[in-house]
Amino acid sequence: MALVHKLLNGAYILRKCLKLSVASYPLWGSRFADYCSSSLQKPVAVSGKASSQRKTEGDLQGHHQRDVALDITSPEEKPEVSFDKAIKDEIKDHFSRLKDDIVNHWIGPEGRPLHEVFLEQAKVVWKFRGKEDLDKWIVTSDKTIGGRSEVFLKMGKNNQSALLYGTLSSEAPQDGESGRSGYCAMISRIPRGPFERKRSYDWSQFNTLYLRVRGDGRPWMVNIREDTDIIQRKNQMYSYFMFTRGGPYWQEVKIPFSKFFFSNQGRIRDAQYQLLLDKISSIGFTLADKVDGPFFLEIDFIGVFTDPAHKEEFAYENSPELNPRLFK
């Protein structure tokens with residue numbers, strides 16, 4: 001009878017502990033079950049041990065909760081992401097730039113008085129003194145059609161010039177379509193105004209392109225594009241040659257605008273047209289001399305100026321404006 005009473009009493013204690021562990025402490029149910037099963041053997045000695053264990057586990061859980069609380073960012077510290085605010089700020093910035101353009105237009109070209117513009121004899125359009133100047137340019141090569149030429153653009157020594165370098169390869173791509181390859185180019189980005197409106201450069205008061213460069217002896221093609229929205233004229237440009245001497249010394253290159261010839265898709269056209277200097281959109285440099293190997297071109301600045309000794313207006317006779325009878 002004593003043995004039966006002891007078994008019944010143990011079962012009652014076990015059932016009571018299981019109810020407490022599930023109802024009151026769902027996270028500690030398994031630990032309370034272990035305690036209750038062990039309490040059948042040593043009810044007095046294990047009681048103190050269990051209380052200390054509960055205290056230790058409670059401290060550990062509280063410490064863990066504090067660590068988790070430190071990792072969670074409070075709602076007040078979350079960065080606010082508002083697309084409406086971003087759009088409003090963007091529109092506000094564009095309207096502010098539009099206001100500046102209107103004010104500058106009444107003052108004069110580029111916000112300068114007219115007498116200063118008319119008396120200007122030289123002007124630096126592009127210079128290279130930092131990364132923001134490099135961002136105004138893009139580089140491309142025949143890799144766009146499957147070629148193997150590579151071209152890169154970086155700042156030169158002491159951040160006083162731009163260094164265009166790479167490797168030219170005239171190997172045609174093995175795609176069965178392109179029969180020619182081997183070119184690298186550097187092209188200026190089209191300037192943009194408020195609301196991404198295209199802008200153009202007005203060089204009508206100058207007659208010569210002025211560059212300070214240092215190369216490796218290779219010939220380059222200087223290309224100028226007009227500002228146009230006509231799809232048929234998107235591949236048209238005006239070009240002229242630039243020969244670099246090589247060596248460590250800088251050279252100043254002066255090319256009259258009257259020397260630039262008209263081309264379309266890389267082919268010189270029979271009918272030549274004069275370059276409209278008041279609608280210039282971009283300028284570029286192309287290397288395509290079919291000489292495989294490394295190359296480099298270092299550019300200090302690109303500008304325009306008025307050469308009083310140059311009187312020629314257009315260098316080519318086969319022009320519909322100069323000789324209309326040739327195109328009847």
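Let me start with a cut-off: a residue counts as exposed when its relative accessible area is over 50%, and as buried when that value is under 20%. Keep that in mind. What you see above is a predicted model.

First stop, the surface. Phe 83 has a relative accessibility of 65%, so it counts as exposed. This residue is found in helix H4, which covers residues 83-107. Together with Ile 87, Ile 91 and Phe 195, it forms a nonpolar patch on the surface. The accessible area of those four side by side comes to about 420 Å². As a general point, nonpolar side chains in soluble globular proteins tend to be buried together.

Now the inside. The largest nonpolar core has 39 residues. Which of them touch the most other members? They are Trp 203, Leu 209, Met 242, Phe 257, Phe 285 and Ile 302. Strand S13, residues 293-305, gives this core its largest share, with 5 residues.

Take Ile 302 from that list. Set aside its neighbours within four places in sequence. What is Ile 302 in contact with then? There is a run of Val 124, Val 125 and Trp 126, and there is Trp 137. Leu 209, Tyr 210 and Leu 211 are on the list too. Ile 283 and Phe 285 complete it.

Let me pick out one pair. For a landmark, find Met 221: it stands opposite Thr 286 in S12.

Last stop, a loop. Look between strand S3, at 150-155, and strand S4, at 162-168, and you find Asn 158. This residue is not a glycine, yet its phi is positive, at about 65°. Asn 159 lies in the loop between S3 and S4 as well. Its phi is also positive, about 55°, and again the residue is not a glycine.

Are these two exposed, or only partly exposed? Asn 158 has a relative accessible area of 64%, so it is exposed. Asn 159 sits at 40%, so it counts as partly exposed.

That is the tour. Questions, please.

Technical notes:
Residues are numbered from 1 along each chain as its sequence is written. This is a predicted model: local features need pLDDT of at least 70, side-chain atom pairs count only at pLDDT 80 or more; totals for chains, interfaces and linings use all residues. Side-chain values use heavy atoms; hydrogens and water are left out. A nonpolar core is a set of buried Ala, Val, Leu, Ile, Met, Phe, Trp, Tyr and Cys residues joined through side-chain atoms within 4.5 Å. Buried means under 20% relative accessible area, exposed over 50%, partly exposed in between (1.4 Å probe, protein chains only). Helices (H or I, at least four residues) and strands (E, at least two) are DSSP runs, numbered from the N terminus. Contact means heavy atoms within 4.5 Å. Patches are made of residues with over 30% relative accessible area and no salt bridge: like charges are joined within 9 Å, nonpolar side chains (Val, Leu, Ile, Met, Phe, Trp, Tyr) within 5 Å. Accessible areas come from the Shrake-Rupley method with a 1.4 Å probe; for residues, only the protein chains shown count as cover. A salt bridge is a side-chain nitrogen of Lys or Arg within 4 Å of a carboxyl oxygen of Asp or Glu. Two strands pair if DSSP finds at least two bridges between them.
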